[in-house]
Every structure is written in structure tokens, then in C-alpha cells.
Amino acid sequence: MVDAKQVRFIVGVIGNVISFGLFFSPVPTFVRIVKKKSVEEFQPWPYVATMMNCMLWVFYGLPIVHKDSILVTTINGVGMVFEAIYISLFLIYCGGMKNFRKKIGLYLVAEVISVAAIVLITLFAIQNSFAKQTFVGVICDIFNIGMYGAPSLVIKKVIKTRSVEYMPFAISFVSFLNAGIWTAYSLIYKLDLYVLISNGLGTFLCASQLIVYLMYRNATPKDESKTKPEIEIPGTV
């Protein structure tokens, strides 16, 4: 008979698969960049931010912070590899924009220093296991909620233009599934409060995006600039 722990593991594996799909979703963008040998108007900041998010969740999922959450670590480790590749391609194909490369480098150094500080504080300054989970979990949630919430900023644009071209349905839908599956994961066998908080709110935010999409998908759009903003929701957990 399948027990709750096994069910949680299965749900976590499904979550890994969905999150992998989200991490993989920017590949067409980078195929275009490589073919044109230029980053054009694409921006690296979603990928730089996602790298920070992944590093934090990799640490959170380790037994030293939170037991029985190794699947959180595995998928975010995969995410770090994807984001490292994406950022590397930005650095290669950003042309002669030396300041651009420098700026990306400074942000990455700041992220590494910040994560290293969080790790050191958790390992050496905090002795209680619950306090470690709380300290790292709250920081992870702040970044994760920001990741889920960022695409919601385009809702105002959709309502103003009455056009959903600025809100890719596939990304919002898969992100909704991703948030939902990790919410379920957090509730099975052992309550994982910090995975629950960010993904529960993420489920709500993604649902709101889908509702707005359904409301305006057949609306007559107003004439606006056709430059589409780049939207990415990373494979968060």
C-alpha cells in the first residue's frame, strides 16, 4: 500500500518535471540569440534573478536546513545549470557592450556573496533547526513570490490594450500547474510551510493571470506599441 511519504515523493517528481519544463522554456529565445549572434533587445535580468532564487532553494532543500526536501534541491540544481548557460550566452553575444558585461558580473558576484553570507549565518550563527528553516525559508519565499508575481505586472497592460499578446497563455498555465503541484507537495506527509506560502500565493497569482487572459482573449485590441516585453516565470518551487 502506498503511504503518504511515497505519495509526496511522486508528487515531488512530477513537480520536478514541470519545473524542468519552465527552466527549458527560454531555449527558443537563446536559439534565436545564437543564430543572430546578438541579444537584440532581450534582457538578462530575469535569468540573473532566477539564479539567485535557485541557489537559495538548493540550500533550503539540503538536510542541514530542511529534512526530506531533497527534490527541492535537485530541481533547483538543474535550474542553476540552465541559468548559468543562459547568462553565459548573454555575456558572449552582448556585443561590444562592456559595461553590460560588467553590470551582469557585479550582480552575480553580489548574489554569490549574499548566498554565502546566508549559508554562513545559517551554519554558524543559528543553532536551532526550526530557526534555520525559518531564516532560510522566509528569504526563499520573498524571492519566489517576486518571481511568481512579476508577470502579473503585465495585467495592467493587457487591460489597457485589451490584448493578451503581452501575456503568453502557455507560460501562465504551466506556471499555475507548477505552483499547484508544489503546493500539494508541501501539504503531504510533512507540512513544509515555506514551500506552501510562496507556491500557494503563486497559485493565486497565476490563476489571476489566467482569468485575465480568458476575459480578454477575444477582445478587440487597441493600437499600442507592438514591442513585447520579455516575460519569464522560472521553474520555482
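Lys190 pairs with Asp68 in a salt bridge, with their closest N and O atoms 2.6 Å apart. Lys190 sits in the loop between α8 and α9, and Asp68 in the loop between α3 (45-60) and α4 (70-93), so this pair ties together parts that are 122 residues apart in sequence. Keep in mind as you look around that this is a predicted model.

How exposed are the two partners? Lys190 counts as partly exposed, at 35% relative accessibility, and Asp68 is also partly exposed, at 34%.

The structure holds three salt bridges. Arg32 is partly exposed, with 38% relative accessibility, and Glu40 is partly exposed at 30%.

## Helices side by side

Now turn to helix α8 (residues 169-187) and helix α9 (residues 193-216): their axes come within 8 Å and cross at roughly 150 degrees. The two are therefore roughly antiparallel, and α8 passes α9 in a left-handed crossing.

Helix α8 has another partner in α1, where the axes come within 9 Å and cross at roughly 155 degrees. This pair is therefore roughly antiparallel too, and α1 passes α8 in a left-handed crossing.

## A nonpolar patch

Val2, Val7, Phe9, Ile10, Val13, Ile14 and Val17 make a nonpolar surface patch of about 590 Å². One of these residues, Ile14, lies in helix α1 (residues 4-24) and counts as partly exposed, at 39% relative accessibility.

Key:
Residues numbered from 1 in each chain as written. Predicted model: local features only at pLDDT ≥ 70, side-chain atom pairs only at ≥ 80, totals over all residues. Heavy atoms only, no water. Patch = residues over 30% accessible without salt bridge, like charges linked within 9 Å, V, L, I, M, F, W, Y side chains within 5 Å. Areas by Shrake-Rupley, 256 points an atom, 1.4 Å probe, with all protein chains shown as cover. Salt bridge = Lys/Arg side-chain N within 4 Å of Asp/Glu carboxyl O. Helix = DSSP H or I, 4+ residues; strand = E, 2+ residues; numbered from the N terminus. Buried < 20%, exposed > 50% of the residue type's maximum accessible area, 1.4 Å probe, protein only. Axes fitted to C-alpha atoms, helices over the stretch in contact; angles between N-to-C directions. Parallel < 35°, antiparallel > 145°, perpendicular 65-115°, else oblique. Left-handed = near helix turned anticlockwise from the far one by under 90°.
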